[in-house]
2 protein chains.
Amino acid sequence: MRIFDNPLNTEWKDLQERVNTNDVAIEDTVAHILKSIKEGGEQALREQIEKIEGFCPEVLQVSEEELANAVLDVSAKLQRAINAAARNIREFHQAQKPGAVEVETMAGVSCRRRYLPIDRVGLYIPGGSAPLFSTLLMLAIPATIAGCKDIILCTPCDENGRVNSAVLYAATVCGVSKIFKIGGAQAIAAMAYGTDSVPKVLKIFGPGNRYVTKAKQMVSSQSVAIDMPAGPSEVLVMADENANAAFVAADLLSQTEHGPDSQAILLCNDEILANEVLMEVETQLDALPRKDIAKRALEHSRIIIFEEVQTMIDFANEYAPEHLIINMIDPWEVANQITAAGSIFIGEFSPESAGDYASGTNHTLPTMGLASAYSGLGLESFMHTITYQELSKKGLLSLSNVIVSMAEAEGLKAHSNAVKIRLYNHK
Amino acid sequence: MRIFDNPLNTEWKDLQERVNTNDVAIEDTVAHILKSIKEGGEQALREQIEKIEGFCPEVLQVSEEELANAVLDVSAKLQRAINAAARNIREFHQAQKPGAVEVETMAGVSCRRRYLPIDRVGLYIPGGSAPLFSTLLMLAIPATIAGCKDIILCTPCDENGRVNSAVLYAATVCGVSKIFKIGGAQAIAAMAYGTDSVPKVLKIFGPGNRYVTKAKQMVSSQSVAIDMPAGPSEVLVMADENANAAFVAADLLSQTEHGPDSQAILLCNDEILANEVLMEVETQLDALPRKDIAKRALEHSRIIIFEEVQTMIDFANEYAPEHLIINMIDPWEVANQITAAGSIFIGEFSPESAGDYASGTNHTLPTMGLASAYSGLGLESFMHTITYQELSKKGLLSLSNVIVSMAEAEGLKAHSNAVKIRLYNHK
C-alpha cells in the first residue's frame, strides 16, 4: 500500500483505476454451458453439473427434511444473529414501499403508475469457503416484501450433496423454500432458461465467481434482467486528523479480505494519520486468517493525501466508491456533498461490517465506478412499474390537435388516424 | 396477418415470438468505431463521422444562433402542440418524485436512503425521415425534473449541417442547450468516453438504428449505464365484442408503421370482430403513406381468438407487451390482472398515440417481453440512490454480537475486527 502525497489532477485517473476483471478468456466456456442448457434442458443441465463438479446430486431440489435438519446444525447464537439482522433489513426495506402515482393531466386524461412485484425471481448464493448467508438475507427479504410470487434459490452443495446449513437456515427465516443444489454458470443458465426441475425466472440476483458473473452478463443481453453488473468489492475511507488510525486500518483490511481483486483507498488531509494507518495495516494484517488474500488486494490499494477537504470530496465523487466511510469531524457536512457512492458510513462508529450484515441497509451495491449512475439494491429492484392511461371521449377530443400535429410532423400518419377515426367515425 | 382460433397452450410460445433483431453481423463494425473513438478522442471522432456520413461539420456543437433560428422554422401550430405535450409530460413526471427513507432500525442505528440526480446524462435522438422530437420530450423533461446538472444531446444533421428544427425547438422547450450534430454509433462512443468537444456522460438514453442499439449494448458492459435494452416496438390489443373494429384496426396499424420489425397482436373473444378487424386493416392500410413498412410488419402480426377472457389475460401476461390496449367492456377489471406490460391504454378512447405523444406518460418502454421485469422510463431513471448509516457507540455495541457472529461464520475475521477494535480498543 503506497502513499501518494497531493497528486496532481492529471494523475487522478490512474489512482482511480480498478483491477480489470473483464474475463474475456472464459467467454467461450460460459457460452457453451449456456447454449447447451438452453437447448438441452434438464438432461443437459445434469450433464454439465456432472462434468464441472465431478458429480450431480440425484435430486437437485433441497428437500423439506434437509431444510428442517439444517436448523439443528446452526448454533443458537448464530440463529439469533441472523434473526436480528433479518429484522433490521426487513424494517429498512419495508419503509421503501413506493407509492402509486395518479394525475389527471387534463380534464378526461387520467395517467397512473403502479409498482408491481416481479413474478418470478432467481437468487444465486455462492458456496465454498465463505458461504454468504448474509447476501441471501439481502436478496430474499426485499423479494418477499415486494411480493414476488416465486423465489428460486440456487447455491452449490458439497461433495456429499449438502448445502451449507447457515444458508438453509437463512432461507427458512426469509421464507424461501425452492432451493436447488446448483452452482456456477449452470445455475444461471437453469434459472434464465428454465428446465424440468428449475423454473425460468424473470430477473437474476446475487454475486458469484467469474463464471457466474460472466453468465449473468451474457444472459442479460438476452431475455432475462439482472440486478447489476458486478465487479470486485471496494471501499473508500475519508479520514481527518481526528480519526483513530486503528479503526481506519481495520476498515481498509476488512475490504481487502474479500478477494485479491478488492480495493481499499484512504483519502486523508493529514500526513501523520497516513503513516499511522500504514503501520496499523501491517500490524493488524499479520493476525488475519485470510492475510494472503488481503496482501494481494493491498497491492492495488492506496493512501492519498490531499490538503483540502473539498479536493477529497471531488476525488471521492469521481471514484464513485461502492462503500464510503466518512471518519471525519463533521461527517454529514461531507456526506451531503457526495453525489456518487453506493452506501455511506457516517462517523467513527459506523464500520462497513455493520452495513454488510446487520444495520438494515442492503449490501448489494454498484462497483467499478457505476455508483455514479446505478443504485444499490432496494425494494424497487424486485418490482417494476406499469403506467396506465384512460381518456374519455372529451379528453381525447381536447388532446386530438396536439396528437395529430405531432404525429404528422413525425411522418406517422397511422398514429394520427387512430385518433381521428375515434372522433369522427364512431359507430 | 393471420387469424389463430383458440390455439393450444403448447402453441403459445411460437405465437409470442418476436422478430429476432440481435445484430451479430454489425458487432465488429461497431466495436471498431467504439475502440477508435475511445482511444483517439476528438480527432478519431471527426474521422469516423467523415468516413460514415461522408462529411463532418466544422463545429459539432449547435450554436445559440442555430437554436434561436430553429424556432422560426416551426409552425405556431406545432409549437403549441409541443408545448401542450411538454406540460402534460412534466406534470406526470413531477408527481413521481421519490421520497427519502429514514429508519432507526435499533436505538443508535440510523439508516437512510436518498435519491440523487445522475450528474451527466446523454440523450440520443435519431434524425432521418422521422425526426423523433417527441422522444426528446420524454427524455429531457424527466432529466431536468430529476436535477441532472449536464444534459447532452446528440442527433444527426443533414448534408447541409442542419439539425431538424422541431428537434431543436423541443430541446429549447426542455432547456437542453448542449446539442451535438453527431449520429449513429459515433454519438454513443463520444458520450460514453468523452472527447474534447463532447463531455463524457454517466448514462445514455434514447432509441436509434441498429448501430446505435448495438453501440449502447456494447458500452453498457463497460462503464456507462443505459436506459434499457431496445427491441422493435410492439402492441397487444385486447378487444371484446363491444369493440369498434375500425378503432382496433387503426391501433394495430399505428404500431406497424414504426418499422418492418414491429409487431401488432390482437387478442379477442369474438370471431366476428376478428374478421371485421382483418378487413378494416386491409382498407385502412391502403391510405397510409408508410404502407410498405406496415405491410412487412403485418407479416409477423397476429389475430388470436380465445373463448375465455382469463385465457386472454394469461396470454397477455406471458407476452408482456410494450403497449397494451384494453378495448373491452370492463377494462379495469382486466387491467388489474395484468402483471407484465410497459404501458396500458384503458378503454376505447385511449389509443396508443395518446401516450406516444401527449397524455403525460413516458413512451420509452421495455420491449421483447422484458416488460415482465423492466419498467418504462420514469423520473427515477434519471436518478440513483445512496444509502447512509450512522451508528452511535451504543448502537454499534448493541449490534456487535450480531455482526461478529455472522462475520466469523462467513470466515471474514477482518470484518469482525473492525467492530471489536472500536469497542474494546478506543484511544
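**Before starting**

The model is predicted: local features need pLDDT of at least 70, side-chain atom pairs count only at pLDDT 80 or more, and totals for chains, interfaces and linings use all residues. Residues are numbered from 1 along each chain as its sequence is written, chains are lettered from A in the order in which they are written, and side-chain values use heavy atoms, with hydrogens and water left out.

**Both chains**

**The interface**

Select the residues in contact (heavy atoms within 4.5 Å) between the chains: 122 of chain B touch 121 of chain A. The buried area between them is about 10300 Å², and carbon and sulfur atoms give 60% of it. Buried area is the accessible area (1.4 Å probe) that two parts lose on being put together, summed over both. Colour F349(B), Q389(B) and R422(B), which supply 8% of the area that chain B buries against chain A, more than any other three residues.

Four salt bridges are counted between the chains, each a side-chain nitrogen of Lys or Arg within 4 Å of a carboxyl oxygen of Asp or Glu. To view one of them, select E380(A) and R113(B), whose closest N and O atoms are 2.8 Å apart.

**R422(A)**

Move to R422(A), in helix α16 (residues 413–424) of chain A; helices are DSSP runs (H or I, at least four residues), numbered from the N terminus. R422(A) counts as buried because its relative accessibility is 0%, where buried means under 20% relative accessible area (1.4 Å probe, protein chains only). Leaving aside neighbours within four places in sequence, its contacts include K393(A), D251(B), E348(B) and F349(B).

**M312(B)**

Finish at M312(B), in helix α12 (residues 309–319) of chain B. This residue also has 0% relative accessibility and therefore counts as buried. Among its contacts, neighbours within four places in sequence aside, are M238(B), L267(B), C268(B) and M328(B). For a distance, pick A354(B): the C-alpha atoms of M312(B) and A354(B) are 24 Å apart, and the residues are 42 apart in sequence.

Conventions: Helix = DSSP H or I, 4+ residues; strand = E, 2+ residues; numbered from the N terminus. Buried < 20%, exposed > 50% of the residue type's maximum accessible area, 1.4 Å probe, protein only.
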